[in-house]
Amino acid sequence: MRPLVAHIDLDALRHNYQLACRCAPQSRSVAVIKADAYGHGALACARALEADVPAFAVACIEEALSLREGGIRAPIILLEGIFSADELALVDQHRLWTSVHSAWQVEALLAYAPQQPIPVWLKVDSGMHRLGFPPEEAPSVWQRLVNAPQVTALHLMSHFATADAQDASYFNRQMAALQALAAELNAPLCLANSPATLAWPAAHGDWNRPGVMLYGSDPLEIANEITQQLRPVMSLRSEIMALRELSVGEQVGYGGRWKAKRPSKIAVVAAGYGDGYDRHAVDGTPVLVNGQRCPIAGKVSMDMLTVDVTDVPDAVIGSEVVFWGTASNGAVLSVDEVARYCDTISYTLLTGVLPRAPRRYHRAHI
Ligand SMILES: Cc1ncc(COP(=O)(O)O)c(C=O)c1O
């Protein structure tokens with residue numbers, strides 16, 4: 001069997017969720033498990049968290065329905081709401097919560113007769129300029145929804161554009177707009193994503209929406225003492241499948257991007273961009289071989305990548321290689337660090353791991 005496996009540590013997931021709750025003890029924390037729980041497997045993650053969370057958040061109804069089919073009974077909020085009016089029947093039938101970000105969604109909701117009122121989060125565009133009503137339009141929409149028989153538990157919701165950054169100026173502008181609106185409407189709020197949960201207590205609302213931190217990634221520009229307590233949930237591991245001894249000047253892989261500057265031992269590892277490992281990984285991107293940091297050497301191929309293991313005397317065929325997460329010897333390589341080498345963010349690496357890399361779930365420490 002090909003040795004590539006994405007090990008998912010469900011204890012770490014629960015630990016990180018509890019950390020999010022401890023950061024914001026006055027708030028209820030929705031666990032954001034959209035995009036298949038950021039690539040970790042939404043159903044398994046939901047089952048692991050269901051006893052603790054007041055609600056889950058997904059992007060769309062398809063994601064919510066597959067959780068319901070898998071037996072998840074907890075409330076589920078659709079962060080992007082419905083994509084067509086006929087989805088309201090499913091929202092109603094499956095007791096989902098929905099957000100509304102556009103006028104047509106409001107009209108569809110108010111034209112529908114649900115069996116029971118639907119919990120609704122009214123999305124306000126406080127500066128992300130993606131989805132939501134502008135703050136000046138939000139009060140009139142709020143007034144239409146707040147007493148409507150179709151609606152219950154109406155909240156204001158908004159999303160931050162820069163909560164991960166050190167510079168708080170734009171964040172503060174968004175907060176000021178939201179606080180003014182919440183005061184005017186006496187509205188409960190759901191604002192904080194992971195970086196705001198971790199770094200901006202002022203943004204902790206009645207609800208928060210932590211996502212990536214649940215999976216152990218640190219979303220902040222500069223780590224703090226809380227983010228250092230996050231534990232990686234996914235450990236993407238494979239093995240050395242072949243070894244090469246190269247002389248000075250010999251090259252490795254497509255285009256010969258990497259050339260040996262010394263007599264070198266190169267490990268060929270079973271994982272490539274066909275598994276979701278980022279092809280943008282530069283020479284020097286770290287992996288752990290037998291728990292020891294080693295640099296990628298040469299371009300990532302579809303099914304294989306190559307690593308300079310000259311300094312790992314015990315590297316043999318079958319040796320463990322960790323792309324991010326925890327090695328068997330306890331060494332950790334953070335997905336955030338790997339993402340920097342790939343000029344991307346942890347979110348794309350985690351959601352990008354393809355089904356070709358089977359997920360294996362662990363409840364005790366792996
Ligand atoms: C509306 C909304 N809320 C919350 C989140 C969670 O954000 P994060 O993963 O940064 O915690 C996202 C993620 O994209 C989102 O789109």
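**Ground rules.** I am working from a predicted model, in which local features need pLDDT of at least 70 and side-chain atom pairs count only at pLDDT 80 or more, while totals for chains, interfaces and linings use all residues. I number residues from 1 along each chain as its sequence is written, and side-chain values use heavy atoms, with hydrogens and water left out.

**Domains.** I looked up the domain assignment, which gives domain 1 (10–216) and domain 2 (234–362); such bounds come from an automatic or database domain assignment. The centres of domain 1 and domain 2, taken over C-alpha atoms, are separated by 37 Å. The contact between them takes 10 residues from domain 1 and eight residues from domain 2, where contact means heavy atoms within 4.5 Å.

**Ile226.** I then turned to Ile226, which sits in the loop between strand 10 (207–208) and strand 11 (234–246). Helices (H or I, at least four residues) and strands (E, at least two) are DSSP runs, numbered from the N terminus. Ile226 is partly exposed, with a relative accessible area of 22%; buried means under 20% relative accessible area, exposed over 50%, and partly exposed in between, with a 1.4 Å probe and protein chains only. Its C-alpha atom is 9.9 Å from that of Arg22, although Ile226 and Arg22 are 204 residues apart along the chain. Leaving aside neighbours within four places in sequence, I find Ile226 in contact with Leu19, Cys23 and Leu198.

In UniProt, an unreviewed entry lists Lys34 for "modified residue: N6-(pyridoxal phosphate)lysine". I note that UniProt positions are given in the numbering used here, that feature names are shortened, and that annotations may be inferred rather than shown by experiment. Lys34 belongs to helix 2 (residues 34–39) and is partly exposed, at a relative accessible area of 29%. Beyond its neighbours within four places in sequence, Lys34 is in contact with Ala57, Val58, Ala59, Glu63 and Leu79.

**Helix 3.** Is helix 3 (residues 42–49) largely enclosed or open? Six of its eight residues are buried, so helix 3 is largely enclosed by the rest of the structure. The buried residues of helix 3 are Ala42, Ala44, Cys45, Ala46, Ala48 and Leu49. Their cover includes helix 1 (10–23), strand 3 (31–32), helix 2, strand 4 (56–58), helix 4 (61–69) and strand 20 (359–362).

The UniProt annotation "binding site", from an unreviewed entry, covers Arg130 and Met302. They span 173 residues in sequence and the farthest two C-alpha atoms are 34.3 Å apart, so they do not all gather at one spot. From this set, Arg130 is part of the lining of the largest cavity.

Arg130 is placed in the loop between strand 7 (118–123) and helix 7 (138–146), and at 54% relative accessibility it counts as exposed. Not counting residues up to four places away in sequence, Arg130 touches Asp125 and His159.

Met302 lies in the loop between strand 16 (292–295) and strand 17 (305–308) and is partly exposed, with a relative accessible area of 44%. Among the contacts of Asp275 are Arg2, Leu4, Met302 and Arg356.

**Cavity.** My search of the whole structure finds one cavity of 30 Å³ or more. A cavity is a set of points, on a 1 Å grid over the protein atoms alone, where a 1.4 Å probe fits but cannot get out, and lining residues have an atom within 4 Å of a point. The largest cavity has a volume of about 30 Å³, a volume being the space filled by probe spheres set on the points, which are joined across faces, edges and corners. Its lining consists of Lys123, Val124, Asp125, Met128, Arg130, Leu131, Ser158 and His159.

**Positive phi.** Most residues other than glycine have a negative phi. His129, not a glycine, has a positive phi of about 55°; it lies in the loop between strand 7 and helix 7 and is exposed, with a relative accessible area of 61%. Ala153 has a positive phi of about 50°, and I place Ala153 in strand 8 (residues 151–157), partly exposed at 41% relative accessibility.

Note on methods
1 Å grid on protein atoms, 1.4 Å probe; cavity = no way out; pocket = protein on both sides within 12 Å on 5 of 7 lines; lining within 4 Å.
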